[in-house]
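Hi,

Here is the structure I promised to pass on.

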Amino acid sequence: MLKEYIDAIKSFAEQNLPVINVPVELWYIVWLFIFGGIVLGGMMLFAGLAAYAERRVAGFLQSRLGPNRVGPQGLLQFMADGIKLVMKEDLIPTAADKILFRLAPYVLFIGTLGIFAALPFSKYVGITNLNLGLLYILAISSLVVIGIIMAGWSSGNKWSLLGGMRSAAQIISYEIPIGICFLTIIMMAGTMNMNTITELQAGSIINWLVFRYPPLTMVLFLIYFIASMAEVNRTPFDIPEAESEIVGGYHTEYSGMRFAFFYMGEYGNMFAVSAIASILFLGGWQSPLPFFILNALFGDYAVLTAIEGFGWFLAKSLALVFLMMWLRWTLPRYRVDQLMTLCWKVLLPISLACMLIIGVWMMI
């Protein structure tokens, strides 16, 4: 797949840039940096807008006013928050391990950002096309829990350490049902390539994998969604940063831009797990209709397919993000024992049973 990318860029360079004698591999590296920069900027913008949207949703659900003073309808509140964080003093506790304390938010953020490298945003649109995309996502997302443990341990604060340990136990536990969901998808699709999995769901909504073996695949989708909420520490699974018990958990001692990296990482993770759900179960950038609307109206142009595909991808992913926000401001927080019971005694056996039954179903 990498060779296909290089060949495509080489063809583009030979046809359009004949006067520039630059190795095509260099163009590929430049392309990676450009698209990576776009994804980084998009992730930062999404974090700001998602924080604003969540506060508005919370205000609506709880019958109170959300941000409404900075800009029209408070739309610029996230910019004011960003400026505030930039101008805040960067404090490091005396008892902290200063090197790990400084590194932790960046490790977490890199783990989040790295996930986007394997996601197909639309047809022809993506940073890379990995044959082992799902395996890569499982591996790179492990950096998030490492960053959280580093933050909790290095802060020199018992609340931070407790939050870090809670997060490690929670994320590692819930990775098992998520891994079983991934294995079932790999078994059904016969590949770990995210682009190929998306292509297999082309045609219409009935070809989406969530409807492939009903109701088993629907149950697996629900299990993935619940486990992914625990993976990103969202209510009702936010015990690693439960403010009524341990102040702020692993990021209690952070301020300024380092705290902002934790903040952006959380919202980036929300979008990443929602995007993975839309790719694996809901067709990714594929239209729910048997055709692409723009192609039907204006002709079969690749650029129109890419634009509409990106719109479907965003719509499906953001709908799941909104659902996470809705649940956060509706459900109470689980206790630690309840959270572990849900994982080990409910989600894990059900996901295993679904995978085994689907395997038998495929062999019949």
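At what angle do helix H9 (residues 216-231) and helix H14 (residues 336-363) pack? The angle is about 145°, and their axes are 10 Å apart. Bear in mind that this is a predicted model. H9 passes H14 in a left-handed crossing. On the H9 side, the residues that meet H14 include Leu216, Val219, Ile223 and Ile226, while Ile350, Cys354, Ile357 and Trp361 are among those that H14 brings to the contact. Sorted by type, the residues of this contact come out as 12 nonpolar, two polar and no charged.

Pro215 sits in the loop between helix H8 (194-199) and H9, and the peptide bond from Pro214 to Pro215 is cis, with omega near -5°.

Next, helix H7 (residues 158-189). With 32 residues at 1.5 Å a residue, H7 should span 46 Å, and this agrees with its end C-alpha atoms, which are 46 Å apart. H7 does bend, by about 25° at Ile176, with a proline, Pro177, following within four residues. At the start of H7, the backbone nitrogen of Trp159 has a side-chain oxygen of Asn157 within 2.6 Å. Just after H7 comes Gly190, with a positive phi of about 75°.

Ser63 is not a glycine, yet its phi is positive, at about 55°. For context, most residues other than glycine have a negative phi, and most peptide bonds are trans.

Cheers

Definitions and conventions:
Residues numbered from 1 in each chain as written. Predicted model: local features only at pLDDT ≥ 70, side-chain atom pairs only at ≥ 80, totals over all residues. Heavy atoms only, no water. Axes fitted to C-alpha atoms, helices over the stretch in contact; angles between N-to-C directions. Helix = DSSP H or I, 4+ residues; strand = E, 2+ residues; numbered from the N terminus. Left-handed = near helix turned anticlockwise from the far one by under 90°. Contact = heavy atoms within 4.5 Å. Nonpolar A, V, L, I, M, F, W, Y, C, P; charged D, E, K, R; others polar. Expected span 1.5 Å × (residues − 1). Bend = angle between axes of the 7 residues up to and from the residue. Polar contact = N/O pair within 3.5 Å; in protein donor to acceptor, adjacent residues only side chain to side chain.
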